[in-house]
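Hi there,

I am passing a structure on to you and would be glad if you could take a look. The sequence and coordinates come first, and my notes come after them.

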Amino acid sequence: MFIKGGITLLYRSFGKTNEKISVLGFGCMRLPVIGDDPTNIDEESAINLIRYAIDRGVNFIDTAYPYHGISLAQGGQSEPLIAKALKEGYRKKVKIATKLPSWAVETREDMDKFLNEQLERLETDSIDFYMVHGINKTYWENLKELGFEEFLEGAIADGRIKYAGFSFHDRIELFKEVVDHYDWSFCLIQLNYLDDGYQAGEEGMKYASEKGLGVAVMEPLRGGHLAHGIPPEVQELFKGADVEKSPAEWAFRWVWNHPEVSVVLSGMNTMEQLDENLRIAQKAHPNALTDFELDITKKAKSIFEEKLKINCTGCGYCLPCPSGVNIPENFARYNDYFLFGSPETKDVYQFHYEGLIMENERASACIECGVCETHCTQDIPIIQELKKVKEFYE
Ligand SMILES: NC(=O)c1ccc[n+]([C@@H]2O[C@H](COP(=O)([O-])OP(=O)(O)OC[C@H]3O[C@@H](n4cnc5c(N)ncnc54)[C@H](OP(=O)(O)O)[C@@H]3O)[C@@H](O)[C@H]2O)c1
Ligand code: SF4
Ligand code: SF4
């Protein structure tokens with residue numbers, strides 16, 4: 001525990017690495033941007049946020065090759081932005097985590113090519129935590145065939161990376177297979193009170209931890225849905241607790257309640273969000289929630305499950321759609337109606353749909369090519385769901 005900038009941040013051991021990592025890590029997939037262009041990062045604000053977090057003890061920064069780019073196969077602006085943010089002495093205060101773009105790897109040589117390019121983009125000699133990104137069945141079979149193990153061993157031996165891990169989006173059975181296949185140091189899984197049994201879930205978290213892997217968590221707020229956009233019934237439920245907590249605090253504290261979890265990554269794009277998450281992180285003790293509080297999160301989960309129609313986290317991995325459909329925005333507008341609307345207020349939601357999504361980006365522009373479905377981190381039948389959105393709003 002260190003007191004920095006008025007914040008007493010907590011640290012946890014990171015599995016077999018023996019590194020001490022801050023319980024809150026900075027996720028650089030949702031940095032502030034200028035206008036609607038994800039490649040146009042608001043550099044001054046983003047650098048301020050990252051340095052402010054580091055000054056208060058955050059020592060884990062997570063990025064990936066495509067973040068803030070135009071497609072999964074091209075380098076985005078997140079890695080170069082981090083290089084800028086970590087100048088003036090900040091690099092030595094933090095661990096960088098980034099990822100091999102699994103979907104873009106066609107040959108064994110590609111793996112070295114991407115890693116070397118990432119070292120240049122990040123302006124560093126060594127990446128502390130290097131992950132095979134977003135493993136699913138398809139990427140996994142390809143990576144094994146191409147010999148990813150030899151690549152990771154080589155990169156550790158020559159110092160280009162310090163620890164090897166993977167991030168994951170598929171079923172628990174595959175998760176266990178991946179954990180057992182290689183001597184990983186850590187993993188990054190999606191975990192929040194809605195997704196306790198989804199993908200790796202709590203079962204995967206325990207499995208990985210028992211095998212000595214450090215467990216990092218992504219999407220603790222489900223991309224923001226558990227912090228803002230809370231249905232009134234959940235708000236009421238939260239008000240009934242002994243100690244008042246914001247929706248974000250309920251979600252974070254549920255994840256940190258697990259002793260197996262070391263670091264929770266959150267994408268924060270305003271100072272208010274960062275301040276709030278740092279404040280909550282000071283209470284991130286394991287096994288700290290009472291049975292009564294855990295029961296409240298269980299009830300909140302049931303309400304969400306009843307109301308949320310499409311499981312989209314807004315991660316954007318499905319973009320760009322060759323036909324221009326703004327997939328996450330279509331799903332967000334549809335979910336909004338079922339979370340907050342009623343037949344009497346349908347017009348308001350219709351107005352938002354038409355106002356916020358240009359005609360050529362709406363559900364009806366889908367030509368059913370299927371490209372997006374192969375990249376969806378939540379395995380959503382996107383074509384089918386877009387048809388529902390079209391029927392509802394168009
Ligand atoms: N490897 C992978 O496959 C993968 C996939 C997804 C994520 N990740 C990594 O994991 C990180 C974390 O995931 P995530 O960004 O989805 O985390 P998250 O914490 O679930 O969602 C971040 C979003 O939550 C909102 N938010 C954050 N703090 C808030 C607060 N105090 N109050 C209200 N809203 C708040 C913001 O939404 P608004 O912008 O709407 O305000 C923010 O963009 C990513 O940044 C990325 O580095 C990796
Ligand atoms: S299936 Fe539809 S939404 Fe998906 S990429 Fe193709 S056109 Fe776009
Ligand atoms: S549809 Fe899937 S890939 Fe696209 S934003 Fe939603 S969860 Fe992410």
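This is a predicted model: local features need pLDDT of at least 70, side-chain atom pairs count only at pLDDT 80 or more; totals for chains, interfaces and linings use all residues.

Residues are numbered from 1 along each chain as its sequence is written, chains are lettered from A and ligands numbered from 1 in the order in which they are written, and side-chain values use heavy atoms, with hydrogens and water left out.

Ligand 1 is surrounded by 29 residues, the closest being Arg 30, Asp 62, Ser 266, Asn 269 and Asn 277; a residue is counted here if one of its heavy atoms lies within 4 Å of the ligand. Oxygen atoms of ligand 1 take part in polar contacts (pairs of N or O atoms within 3.5 Å). A polar backbone atom of Leu 221 is 2.8 Å from a ligand oxygen, a side-chain N or O atom of Tyr 317 is 3.2 Å from one, and for a backbone N or O atom of Met 29 the distance is 3.4 Å. Taken alone, ligand 1 exposes 900 Å², and the protein buries 91% of that (Shrake-Rupley areas, 1.4 Å probe). Strand E12 (261–267) and helix H10 (271–281) are the elements that give two or more residues to this shell; helices (H or I, at least four residues) and strands (E, at least two) are DSSP runs, numbered from the N terminus.

Ligand 2 sits in the second largest cavity, whereas the space taken by ligand 3 is the largest cavity. A cavity is a set of points, on a 1 Å grid over the protein atoms alone, where a 1.4 Å probe fits but cannot get out, and a molecule sits in it if more than half of its atoms lie within 2 Å of its grid points. Around ligand 2 are residues including Cys 321, Cys 366, Cys 369 and Cys 372. Ligand 3 has 14 residues around it, with Cys 312, Cys 315, Gly 316, Cys 318 and Cys 376 the closest. Helix H12 (residues 327–340) gives the largest share of that shell, three residues.

There are 29 aromatic pairs (ring centres of Phe, Tyr or Trp, the last by its six-membered ring, within 6.5 Å; stacked means planes under 30 degrees apart). Phe 129 and Tyr 163 are stacked, at 5.2 Å centre to centre and 20° between the planes. Phe 129 lies in strand E8 (residues 127–135) and Tyr 163 in strand E9 (residues 161–168), so this pair ties together parts 34 residues apart in sequence.

Lastly, the backbone: the peptide bond from Leu 319 to Pro 320 is cis, with omega near 0°. Pro 320 is in the loop between helix H11 (291–307) and H12.

Best wishes

Technical notes:
A polar contact is a pair of N or O atoms within 3.5 Å; within protein, one must be able to donate a hydrogen and the other to accept it, and residues adjacent in sequence count only if both atoms are side-chain atoms. On a 1 Å grid over the protein atoms alone, a cavity is a set of points where a 1.4 Å probe fits but cannot get out, and a pocket is an open set with protein on both sides within 12 Å along at least five of seven lines; lining residues have an atom within 4 Å of a point. Rings of Phe, Tyr and Trp (its six-membered ring) pair if their centres lie within 6.5 Å; planes under 30 degrees apart count as stacked, over 60 as edge-to-face and the rest as tilted.
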